[in-house]
Amino acid sequence: KDGNGFVRITTDKIYRVTGKTAQGYGVKPDIHLPDVFQAVDYHEAKVPYALPSDSIVKRTFYRPLPDLPLEKLRRNSDSRMDADSSFNTVRRTLSWLEKEIARAFDPVALAWQDFSARADLNDKTYASLEAALNRNTASFEVHPNAMDRERIAADEFARDFNQKWINRLKSDIYVDEVFHIISDLVELTHKPPK
């Protein structure tokens, strides 16, 4: 009733076309974007009694698509993120957070000025991260699709929700970088018509 707890139960596994499950490992991205949640080890594999990873005999015919130009895509993405102040802030915050977690059980000074200085640093670090994560993009525009346009014309709640969603997409540095990665992929794999 007080909303302070929940239970998560995993009862099934998903097997990929290779016959293997990602259980316990998760889906590993081909191109990694830094994220402050890396500092917290909250993965299912760390939970007692998690379902084990395994394989089954696949009974499918699978013909993989040609390999993607992942190295070039990674290099382009890394170059953009290295030059991007928002991603640099995420990386600095991640490094700071990892150190804070590592010293979680260190003694804490009880002097007010020490406590206050540490609290101020925490506040500034999180405020800096929040500002970095909410930067408007000039890379793309977001518009509702035809079905959403009909719904928002008739429903004020849907209109407000849609506008908040659009604003969130336009200010998400991860959506912005993924847009650039996909644009790079199109550029690298596009074959002009003959």
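Me: Contact means heavy atoms within 4.5 Å. Which residues does Phe 87 touch, not counting residues up to four places away in sequence?

Reply: First, the ground rules. This is a predicted model, where local features need pLDDT of at least 70, side-chain atom pairs count only at pLDDT 80 or more, and totals for chains, interfaces and linings use all residues. Residues are numbered from 1 along each chain as its sequence is written, and side-chain values use heavy atoms, with hydrogens and water left out. Now Phe 87. With that sequence exclusion, Phe 87 touches Pro 34, Met 81, Ile 173, Tyr 174 and Glu 177.

Me: Where does Phe 87 sit, and is Phe 87 buried or exposed?

Reply: Go by relative accessible area: buried is under 20%, exposed over 50%, partly exposed in between (1.4 Å probe, protein chains only). Phe 87 comes out at 1%, so it counts as buried. Phe 87 belongs to helix H2. Helices here are DSSP runs (H or I, at least four residues), numbered from the N terminus. One distance for orientation: 18 Å separates the C-alpha atoms of Phe 87 and Ile 182, which are 95 residues apart along the chain.

Me: How do I read the packing of H2 against H3?

Reply: Start with the axes, fitted to C-alpha atoms over the stretch in contact, with angles from 0 to 180 degrees between N-to-C directions. H2 spans residues 85-102 and H3 spans residues 112-133. Their axes come within 9 Å and cross at roughly 145 degrees. On the H2 side, the contact includes Thr 89, Val 90, Trp 96 and Leu 97. On the H3 side, Leu 121, Tyr 126, Leu 129 and Leu 133 are among the residues that take part.

Me: Which residues touch the most other members in the largest nonpolar core?

Reply: Such a core is a set of buried Ala, Val, Leu, Ile, Met, Phe, Trp, Tyr and Cys residues joined through side-chain atoms within 4.5 Å. The largest one has 14 residues, and Val 36, Val 90 and Leu 97 touch the most other members. Helix H1 (70-82), H2 and helix H6 (173-189) are the elements that give two or more residues to this core. H2 gives the most, with 5 residues. Take Val 90. Leaving out residues up to four places away in sequence, Val 90 touches Pro 34, Asp 35, Val 36, Leu 129, Leu 133, Ile 173 and Tyr 174.

Me: How many salt bridges does the structure hold?

Reply: The criterion is a side-chain nitrogen of Lys or Arg within 4 Å of a carboxyl oxygen of Asp or Glu. The structure holds 11. One pairs Lys 13 with Asp 54, with the closest N and O atoms 3.3 Å apart. Both partners lie in the segment before H1, so the pair ties together parts that are 41 residues apart in sequence. Lys 13 is partly exposed at 22%, and Asp 54 is partly exposed at 30%.

Me: What does the bridge of Asp 176 and Arg 135 tie together?

Reply: The N to O distance in that bridge is 3.3 Å. Asp 176 is in helix H6 and Arg 135 in the loop between H3 and helix H4 (146-154), so parts 41 residues apart in sequence are tied together. Asp 176 is buried at 9%, whereas Arg 135 is partly exposed at 25%.

Me: Which helix holds both Arg 151 and Asp 148?

Reply: Helix H4 holds both; being 3 residues apart there, they are separated by about one helical turn. Arg 151 is partly exposed at 41%, while Asp 148 is buried at 17%. Elsewhere, salt bridges that share partners join Arg 80, Glu 177 and Asp 184 into one network.
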